[in-house]
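Q: I am new to this one. Please take a close look at a single part with me.
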Amino acid sequence: MLDIQNIHVSYGSREVLKDISIRVSKGKIVALVGPNGAGKTTLIKAVSGLVRPTAGMIMVSEENIADLNEPNRAKQISVVPQAHQLGGAFTVAHTVMLGRTVHMGWLGAPSEKDRQRVQWAMSEICIEHLADRRVAELSGGEQQLVLLARALAQETPVLLLDEPTNHLDMKHKTDLLQLVKQLAKQEGLAMLMAIHDLNLVSLFADQVALLVDGELLHLGKPKEVLTPKLIGEAYQTNVDVFHHPDKGYPVIMPQSGE
């Protein structure tokens with residue numbers, strides 16, 4: 001569904017992504033992890049079309065996104081950014097309807113299909129009760145759900161998430177990612193997600209792409225990537241990795257140094 005092939009990205013003379021290849025299948029979540037400056041957000045921007053690769057290809061549903069104009073790209077890829085305290089006077093329903101813009105045009109009135117999709121998206125995210133609230137009045141967790149609903153309303157096969165759990169408490173983090181995982185499987189979405197919390201990655205990702213200095217250090221299942229050796233090499237810190245006694249997923253604990 002999403003096939004990133006040998007991508008290179010440069011900012012001036014500085015190469016920030018070097019020969020990155022990642023395939024995200026339908027219904028799966030691939031988590032991008034790595035230290036600050038590793039290139040996670042740059043890769044999200046390259047896939048979304050905000051940054052043009054200097055080499056390589058990004059294919060969605062067997063189409064090269066470099067060959068697509070902005071409206072057609074928006075029909076293939078939607079983005080859930082971080083909710084940096086959304087402002088403005090838009091209501092939740094209006095904000096979610098913005099996801100339908102690519103289908104109805106800037107000057108077009110929403111059709112019955114548009115209204116049904118928006119209602120469905122709010123229902124799936126369980127924010128119907130917020131429909132008439134102004135987004136500026138909502139909490140950070142509620143705003144993040146609105147952005148996710150907007151992306152679902154956009155109706156694309158690929159969904160990108162850039163640090164969606166930042167500034168959320170533990171309950172909202174786990175609730176949001178549980179919902180994301182459920183939607184990936186239920187709707188058959190290919191999801192690429194940049195995220196910091198390795199224990200959340202262990203719980204919710206199908207595969208993990210570990211980036212360091214713009215290079216792909218390792219790609220595999222959480223138990224293959226989240227090891228003391230690879231984490232230590234990437235983050236320059238020592239960790240202990242245990243495995244959940246019942247479910248077997250890795251649990252990462254930093255060493256105290258004592």
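In β10, which residue is the bridge partner of Val-212?

A: It is Glu-215. This is a predicted model, where local features need pLDDT of at least 70, side-chain atom pairs count only at pLDDT 80 or more, and totals for chains, interfaces and linings use all residues. Residues are numbered from 1 along each chain as its sequence is written, and side-chain values use heavy atoms, without hydrogens and water.

Start with β9. This strand covers residues 207-212 (strands are DSSP E runs of at least two residues, helices H or I runs of at least four, numbered from the N terminus). Five of the six residues in β9 are buried (under 20% relative accessible area; exposed is over 50%, partly exposed in between, with a 1.4 Å probe and protein chains only).

Now look at the neighbours of β9. Strand β10, residues 215-220, runs antiparallel to β9, and five bridges join them. Strands pair if DSSP finds at least two bridges between them. The link between Val-212 and Glu-215 involves β10. Two residues lie between the strands of this hairpin, and Asp-213 takes a positive phi near 50° there.

Strand β3, residues 29-33, pairs with β9 too, in the parallel sense, over four bridges. Here Leu-32 has Ala-209 of β9 as its bridge partner.

Tyr-235 has a relative accessible area of 23%, so it is partly exposed. Pro-35 lies 200 residues from Tyr-235 in sequence, yet their C-alpha atoms are 5.8 Å apart in space.
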